[in-house]
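Reader: I would like to go through a protein model by question and answer. Please show it to me.

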Amino acid sequence: MSELITPELVTLDQDLGGTRETVIRHLAEKVVAAGRATTLEELFADAMARENKTATGVPGGIAIPHCRSAAVTQASLAMARLKPPVDWGAKDGPADIVFFIAAPEGADQEHLQLLAKLARSLIKKDFTASLRSAETPEAIVELVDGALGLGPVPETGQSGTAAASASDSAPAGAGSGTSGATAAGAAAAGAGGAHRGAHAESAGSEGPAGQRSGGERRAGEVHDGGGTATSGEAPASATGTAPGRLVAVTACPTGIAHTYMAADSLAAAAAERGIDLQVETQGSAGSTPLDPEVIRNADAVIFAVDVDVRDKGRFAGKPVVSGPVKRGIDEPGVMIDEALAAAKDPNARKVTGGGGTGGEERGSAGGESFGGQLKRALLTGVSYMIPFVAGGGLLIALGFLLGGYELSLSNDEGVANGDILLDGTSIFSLPPDGLLAYLGAVFWKIGNISLGFLVPALAGYIAYALADRPGIAPGFTAGAVALYMDAGFLGGIAGGLLAGYVAMWVGGWKVPSWLRGLMPVVIIPLIASLIASGLLLLVLGGPIAALTLALNDWLSGLTGVAAIGLGVILGLMMGADLGGPINKVAYAFAVAGLGEGAFDNQAPWQIMAAVMAAGMVPPLGMALATVLDKTQFSMALRENGKAAWVLGAAFISEGAIPFAASDPLRVIPSTMIGGAVAGGICMAAGVTSQAPHGGIFVFFAIGNFFMFVVAILAGMVASALVLVGLKRLTGSKKAEEPVVA
């Protein structure tokens, strides 16, 4: 095992600039200087991208910025003890101890488990006290190696470090015929502040997932990716009644740090309350699922996650309390109390009975609003539809590139030329037009088939977002009916919503236990398909088809000022909130209509081009602004500006978020103006795009590429000039760092 941390990666008692950006950059420089990463900018950008998703500060004055990066060649820990501390987003104040975890993209399981073990050790107060009192980098390395089990445990802070090691090294099922120290006391001591010491376990046999056959209740059990479990005994309640039984799942985007810290925090809070809690950590090091019997006996479930829970259907019907993974670290006791209350509340929200990984059933006692539920369902449908659009659109564009635009022209029988080229031919018997034309026809045909799934996929995954897996089949069926009736994406939306809500309604029926197994696979799909598709065929399909035809005719007829006006509106929306709801509405509108585009109806392609160009402008405009006037931007923002060039070129509007977060009143107007300029020029020039994403990297799918670039450059310049002008006119605070010419 190569060393994770060395003295060269440790910085003690230094002022590193007072911001997260400067601290992370310093630690990333340490990793690169040690030869453990190839490029500083890539590592820094990956770390900041993770940091911008969710702040990595945790209670106790600790911060754990972390990332996976292709720039990292060796899994590494870099540590800084800060004077003064830096605000890292934790509720209890700034952080003075910062561990930067840099993992390669393909980090092996052993390294990932060690990194997770470090994160879990950092919620133990004895261990962090030892880190604060250590006098040399070598002492820090010794402490960390001791916590990770890579070296002897130092005398200083021994109890805390030993507990950290024991907490994560006890094998599952270790209680068989043994007695010894358990780790729940140490975990509770670290997170709860009172050291409980070691609890002696009675000898007894254990079943799967460490469950005792002798009837002993186990509190705070944590199943981690390495297949280990930490556990302790739940004390009896004062009244003699059995304490509540809960299960939990923790997961964060990278699955390295917060996943395991949330698990241990919840386990410690449960141990303090005498609650039987078992936690499944769905981290990068793998996941050991909770035993089905444990889930079945649980009173409620806690989801402390920033990503989808894998196989959420295991928890179907359980009262649920959910929140971001950081809440599991910051407020574990509150989440447990809420879960216990939900277990007693018949109107509490519950995990749906679909056996999928979708949403949750909402009771009448609050929860997700109807509008929020509707927006989530629509955006889910669009997000799952995009791969069909992207693959199909790009394949059609490549087909035109190889075989010419006449591929989509039809002969007298209404058969497209691409179909004629494919008829009766193969790679071994090419048509007279030659290999390129034949390959173009192949790409064109595959792309058209892919786009044929657009409406069914949209409807299917809208229904999935509402009713989980039982909604998929009715949704796809309703989408296919909408396609059959020429109702387009509007019919797909209507069919998906109908299928989803009907499936959700049927899934809430109270049925005998013998019938429950048939509900998600037979009864719900059958009834929901019949009702949703039947309504489309008998009642709704015709009017929606007429509306779709009218909308297409209106868009096709847009010329001059009307077309430019539409481009301006879409551009304003794309620049308004940089990946937020308004931006997504404009993007979803463009993507949903893309499949209706054709050479005799290019309006949907023009709308897509306007939206893409406008979405590229915000990060590019911010990048240009940092070049035009460096004095108006901090060093961190100037670094973000460098990355924004690439993000903007790739149509990633979120590249402008750091600028908007620091100065929204001046940045947002500038991005909206720039987006409006780009969108208006694109529509005026008739620029088209058959690709829903990719920016300049899908140039072959852009019609009138020259004017596409002109529109982007015009919007970029407008955005940058407006921002710089607003900053100068309103007396923007100068950057604190000296500017290097």
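This is a predicted model: local features need pLDDT of at least 70, side-chain atom pairs count only at pLDDT 80 or more; totals for chains, interfaces and linings use all residues.

Reader: What percentage of the residues count as buried?

Author: Buried means under 20% relative accessible area, exposed means over 50%, and partly exposed lies in between (1.4 Å probe, protein chains only). Of the 741 residues of the protein, the buried part comes to 53%.

Reader: How many residues of strand S10 are buried?

Author: Helices (H or I, at least four residues) and strands (E, at least two) are DSSP runs, numbered from the N terminus. Asp276, Gln278 and Glu280 point one way from S10, and Leu277, Val279 and Thr281 point the other way, all of them buried. For strand S10 (residues 276-281), the count of buried residues is 6 of 6.

Reader: Which residue in S10 is the bridge partner of leucine 246?

Author: Two strands pair if DSSP finds at least two bridges between them. Strand S9 (residues 245-251) runs parallel to S10, and 6 bridges join them. The partner of leucine 246 in S10 is leucine 277.

Reader: Is glycine 495 buried or exposed?

Author: Glycine 495 is found in helix H17 (residues 488-507). Leaving aside residues up to four places away in sequence, glycine 495 touches Ala478, Ala532 and Leu536, where contact means heavy atoms within 4.5 Å. Its relative accessibility is 0%, so glycine 495 counts as buried.

Reader: How many aromatic pairs are there in the whole structure, and of what kind is the pair of tyrosine 384 and tyrosine 464?

Author: Rings of Phe, Tyr and Trp (its six-membered ring) pair if their centres lie within 6.5 Å; planes under 30 degrees apart count as stacked, over 60 as edge-to-face and the rest as tilted. A search of the whole structure finds 12 aromatic pairs. Tyrosine 384 and tyrosine 464 are 5.9 Å apart centre to centre, with 85 degrees between the planes, which is edge-to-face.

Reader: Which helices does this pair of tyrosine 384 and tyrosine 464 link?

Author: The two residues are 80 residues apart, in distant parts of the chain. Tyrosine 384 is partly exposed at 33% relative accessible area, whereas tyrosine 464 is buried at 9%. Tyrosine 384 lies in helix H12 (residues 370-403) and tyrosine 464 in helix H15 (residues 454-467).

Terms used. Residues are numbered from 1 along each chain as its sequence is written. Side-chain values use heavy atoms; hydrogens and water are left out.
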